[in-house]
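Hello,

Here is the structure we talked about handing over. Please open it first, then read the notes below.

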Amino acid sequence: MKVVIQRSKQASVTVEGEVTGAINFGYVLLVGITHEDTEADIKWMADKIAGLRIFEDEAGKMNLSIVDKSGAILSVSQFTLYGDSRKGRRPNFMAAARPDHAEPLYEQFNAYLRQQHGLQVETGRFGAMMDVSLVNWGPVTLILDSKE
């Protein structure tokens, strides 16, 4: 499982002209799932994201988590995180999980963030063409991989 985390002041995702999710403060997560990912991967990733300390404390140090700051999450599925561009000019997406495997894990991931960490989680629509808008705060962007 790969996740790109962008700390954001505000963000939204639109599908076919309709806003399907929006947050005022927190993280935008671009979520990619591969064939080998399991429930253990999504739990590890959700726990890691909830506990990451990338918000400044009163001393200006990155010492606070999204839970500490009562932030929200905009979670967007993105199979292209598993695109392999080493050969040729068109990416190969063979490492991305098929929708019948990826969608349930993506939904479980979002539910776990809500239930285990008490986070507000807004989403796009799995498999849809989406327009994602955000104000990247910092900018702060991290890439997490459950296999590394």
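This is a predicted model: local features need pLDDT of at least 70, side-chain atom pairs count only at pLDDT 80 or more; totals for chains, interfaces and linings use all residues.

**The largest pocket**

E3, E6, H2 and E8 each give at least two residues to the lining of the largest pocket. The space in the largest pocket comes to about 520 Å³. Its lining has 24 residues, and those closest to the centre are Ser77, Gln78, Phe79, Thr80 and Gly127. By type, the lining divides into 17 nonpolar residues, six polar and one charged.

**Strand E3 and its partners**

E3 deserves a look next. Is E3 mostly covered or mostly open? It is mostly covered: seven of its seven residues are buried. E3 pairs with two strands named here. With E1 the sense is antiparallel, over seven bridges. In that pairing, Gln6 has Val28 of E3 as its bridge partner. With E6 the sense is parallel, over six bridges. There, Leu30 stands opposite Val76 in E6.

**The nonpolar cores**

Which residues of the largest nonpolar core touch the most other members? They are Ile5, Tyr27, Leu29, Ile49, Ile73 and Phe109, out of 28 residues in the core. Two or more residues each come from E1, strand E3 (26-32), helix H1 (39-51), helix H2 (99-117) and E8. H2 gives the most, with six residues. A second, separate core has eleven residues, among them Val4, Ala11, Val15 and Ala72. As background, nonpolar side chains tend to be buried together in soluble globular proteins.

Trp137 has its place in strand E8. Is Trp137 buried, partly exposed or exposed? Its relative accessibility is 25%, so Trp137 counts as partly exposed. The cut-offs matter here: buried means under 20%, and exposed means over 50%. Beyond its neighbours within four places in sequence, Trp137 is in contact with Arg7, Ser8, Lys9, Phe25 and Phe55. Arg86 is another matter. The C-alpha atoms of Trp137 and Arg86 are separated by 31 Å, and the two residues are 51 apart along the chain.

Pro139 also lies in strand E8, which covers residues 131-145. The peptide bond from Gly138 to Pro139 is cis, with omega near -5°.

**Backbone points to check**

Most residues other than glycine have a negative phi, and most peptide bonds are trans.

- Glu16 has phi near 50°, a positive value in a residue other than glycine. Glu16 sits in the loop between strand E1 (2-15) and strand E2 (18-23). Glu16 counts as exposed because its relative accessibility is 78%.
- Ser70 has phi near 55°, again a positive value in a residue other than glycine. Ser70 sits in the loop between strand E5 (62-64) and strand E6 (72-77). Ser70 counts as exposed because its relative accessibility is 66%.

Over to you.

Best wishes

Methods. Residues are numbered from 1 along each chain as its sequence is written. Side-chain values use heavy atoms; hydrogens and water are left out. Helices (H or I, at least four residues) and strands (E, at least two) are DSSP runs, numbered from the N terminus. Buried means under 20% relative accessible area, exposed over 50%, partly exposed in between (1.4 Å probe, protein chains only). Contact means heavy atoms within 4.5 Å. A nonpolar core is a set of buried Ala, Val, Leu, Ile, Met, Phe, Trp, Tyr and Cys residues joined through side-chain atoms within 4.5 Å. On a 1 Å grid over the protein atoms alone, a cavity is a set of points where a 1.4 Å probe fits but cannot get out, and a pocket is an open set with protein on both sides within 12 Å along at least five of seven lines; lining residues have an atom within 4 Å of a point. Grid points are joined across faces, edges and corners, and a volume is the space filled by probe spheres set on the points. Ala, Val, Leu, Ile, Met, Phe, Trp, Tyr, Cys and Pro count as nonpolar, Asp, Glu, Lys and Arg as charged, and the others, Gly among them, as polar. Two strands pair if DSSP finds at least two bridges between them.
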